[in-house]
Amino acid sequence: MTTWNRRTFLRTSAQAATLCAMPALHHTPLSATSRVPGPGETNAFPRGFHWGASTSAMQVEGSPYADGGGRSIWAAYEAVSGNIKDGSTNWVADDEYHRYAEDIGHMSELDINAYRFSISWPRVLPQGKGQPNEAALAYYDKLIDALLAAKITPFVTVYHFDYPDALQQQGGWLNADSSKWLADYAHLVASRFSDRVSNWLTINEPNILWGFGAEAGAMPPALKLESAQLAQGCHNLLLGHGRSVQAIRAAAKKPVKVGLPFAGTLSLPASNSAQDIAAARNASFSVEKRAIIPLQPAMIMMNNSWWLDPIYLGHYPTEGYKLFPSAEKLATPADMRLIHQPVDYCAINLYFAPTVKAGADGKPELVPDSPNAPRSHYGWAITPELLYWAPKFLAERYKKPVLITENGISLADAPAADGKVHDPQRTAFLNSYLGAFKRAHQEGVPLAGYFHWSLLDNWEFSQGYLERFGLIYVDRNTQKRIVKDSAFRYKEIIQTNGASL
């Protein structure tokens with residue numbers, strides 16, 4: 001039986017073939033969006049573009065209970081046999097809790113100018129609220145100061161999957177006070193760090209944490225709720241985002257930028273015809289119970305507009321009330337104003353996407369993947385043009401600069417006889433995906449930055465240590481770091497601001 005988890009929501013059920021040749025990009029410009037690039041833009045990304053790498057506390061820090069840290073909802077989940085594919089825990093992970101200085105040194109070596117990391121909620125607030133853990137706050141002080149000393153801009157994710165178990169015992173996201181708990185925590189960390197941190201992200205992938213945690217029961221808190229409770233929890237998460245934006249801005253000691261990193265489930269057009277593009281756009285923002293790829297269990301949480309329209313447009317998409325009839329009563333004017341707080345960019349996590357075409361009635365029809373389609377070690381299809389079409393569709397609908405907060409590929413990386421890690425597939429991945437992203441910029445799509453997932457090979461939640469997404473190889477026995485070949489290619493791209501693509 002397939003276990004669906006955080007990173008298998010877009011995984012094909014077919015065997016995980018190793019990645020082969022990269023597909024060619026289509027470079028036919030669209031007359032509706034094409035423009036002549038401005039001075040210096042032809043071969044470069046915007047000035048001030050953030051070239052970064054991402055991690056999360058649970059996946060790299062290790063030592064979750066050190067210095068008074070508390071339990072997250074993953075503690076009980078990972079103790080159940082079979083929930084973590086390789087039987088591992090995150091108690092060691094990459095030991096960044098002790099090795100952050102070494103990893104910042106590697107980022108400096110690679111000219112990475114921005115680092116997205118999360119602050120562990122249960123490390124800082126062992127009970128989820130109340131008295132903070134000063135030792136934890138002091139750790140993040142040291143991390144932030146070291147990043148700034150290295151001229152690396154910190155991007156802080158407030159909440160990245162590590163929900164405090166103490167709050168789950170009080171009902172979690174179904175508790176009427178849950179949005180205030182998150183906002184209080186956001187206010188605490190912004191009060192402490194906003195003198196040095198200007199870029200904040202509220203909730204990582206709410207559609208994943210709630211869809212797989214509360215609809216599919218495939219990650220903690222491992223619930224299988226009905227529509228009304230799913231809608232209530234979703235609404236409370238969105239309220240938590242809105243209240244957190246308010247809290248961060250209220251606590252900020254200098255100007256800040258705020259967003260929400262969302263797991264994008266967009267679609268690609270089969271051709272550049274107007275009909276296929278319209279079909280892909282419609283598929284990207286429809287609200288329906290669906291599987292993103294064939295044989296994946298259909299889920300009502302796996303869509304974009306039900307989550308994003310309230311944040312950026314101030315209302316739920318009306319078609320969604322067919323799936324969530326109870327949500328119409330939740331969507332009071334006061335609540336929607338609270339959710340619809342001003343944000344500074346459309347932050348999005350992108351990996352791959354299905355392809356659709358316009359059917360005879362104009363409605364989207366799924367185009368099956370070729371049996372020989374290139375795939376990652378994880379089994380995900382390689383679809384570079386996602387980084388063209390997704391930013392284009394998102395910017396058109398939500399009128400915000402696009403910030404890619406995650407994008408990467410898992411491979412079966414291992415050191416070669418020369419002691420180095422040669423990963424030409426990841427290098428090809430970077431070239432093709434960032435080439436598509438560059439095309440979006442050249443056609444006028446506003447872009448703010450790109451964060452590769454991940455800086456390090458890490459603990460991939462339900463997959464444990466089976467998948468390697470990092471630019472830096474980590475030996476699980478010794479914690480030795482080896483910078484992969486692809487990381488040096490990423491450095492070349494950064495140094496030229498994309499001109500070398």
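T157 has a relative accessibility of 0% and therefore counts as buried (under 20% relative accessible area, with exposed over 50% and partly exposed in between; 1.4 Å probe, protein chains only). The model is predicted: local features need pLDDT of at least 70 and side-chain atom pairs count only at pLDDT 80 or more, while totals for chains, interfaces and linings use all residues. Residues are numbered from 1 along each chain as its sequence is written, and side-chain values use heavy atoms, with hydrogens and water left out.

**Strand β3**

- T157 lies in strand β3, residues 153-159; helices (H or I, at least four residues) and strands (E, at least two) are DSSP runs, numbered from the N terminus.
- Not counting residues up to four places away in sequence, T157 touches R116, F117, S118, I119, L201 and N204, where contact means heavy atoms within 4.5 Å.

**Buried helices**

- Helix α8 (residues 206-215) is mostly covered, with 10 of its 10 residues buried.
- Its buried residues include W210, F212 and E215.
- The buried residues of α8 pack against β3, β4 (199-203), α9 (227-251), β6 (262-263) and α11.
- Just after α8, G217 has a positive phi of about 70 degrees.
- In helix α11 (residues 305-312), 8 of the 8 residues are buried, so the helix is largely enclosed by the rest of the structure.
- Among the buried residues of α11 are W306, W307 and Y312.
- G314 follows α11 and has a positive phi, near 90 degrees.

**A buried loop residue**

- I300 is found in the loop between α10 (274-285) and α11.
- I300 is buried, with a relative accessible area of 8%.
- Leaving aside neighbours within four places in sequence, I300 is in contact with E215, L230, K289, L323 and F324.
- I300 and E215 are 85 residues apart in sequence, but 8.2 Å apart in space, C-alpha to C-alpha.

**Helix pairs**

- The axes of α3 (96-109) and α5 (residues 134-149) come within 10 Å and cross at roughly 10 degrees; axes are lines fitted to C-alpha atoms, for helices over the stretch in contact, and angles run from 0 to 180 degrees between N-to-C directions.
- α3 and α5 are therefore roughly parallel to each other (angles under 35 degrees; over 145 is roughly antiparallel, 65 to 115 roughly perpendicular and the rest oblique).
- Residues making this contact include Y97 and Y100 of α3 and Y139 and L143 of α5.
- Helix α15 (residues 424-442) and helix α16 (residues 485-495) pack at about 30 degrees, with their axes 8 Å apart.
- That angle makes α15 roughly parallel to α16.
- Among the residues in this contact are R426 and L430 of α15 and R489 and I493 of α16.

**Salt bridges**

- The whole structure has 24 salt bridges, each a side-chain nitrogen of Lys or Arg within 4 Å of a carboxyl oxygen of Asp or Glu.
- D423 and R426 meet in a salt bridge (2.7 Å, N to O); D423 is buried at 1% relative accessibility, and R426 is buried at 0%.
- R468 and D457 form a salt bridge of 2.7 Å, N to O; R468 is buried at 13% and D457 is buried at 0%.
- In the salt bridge between E492 and R489, the closest N and O atoms are 3.0 Å apart.
- E492 and R489 both lie in α16, 3 residues apart, about one turn of the helix.
- E492 is partly exposed at 42%, whereas R489 is buried at 13%.
- A network of salt bridges links E134, D141, D145, R192, D195 and R196.
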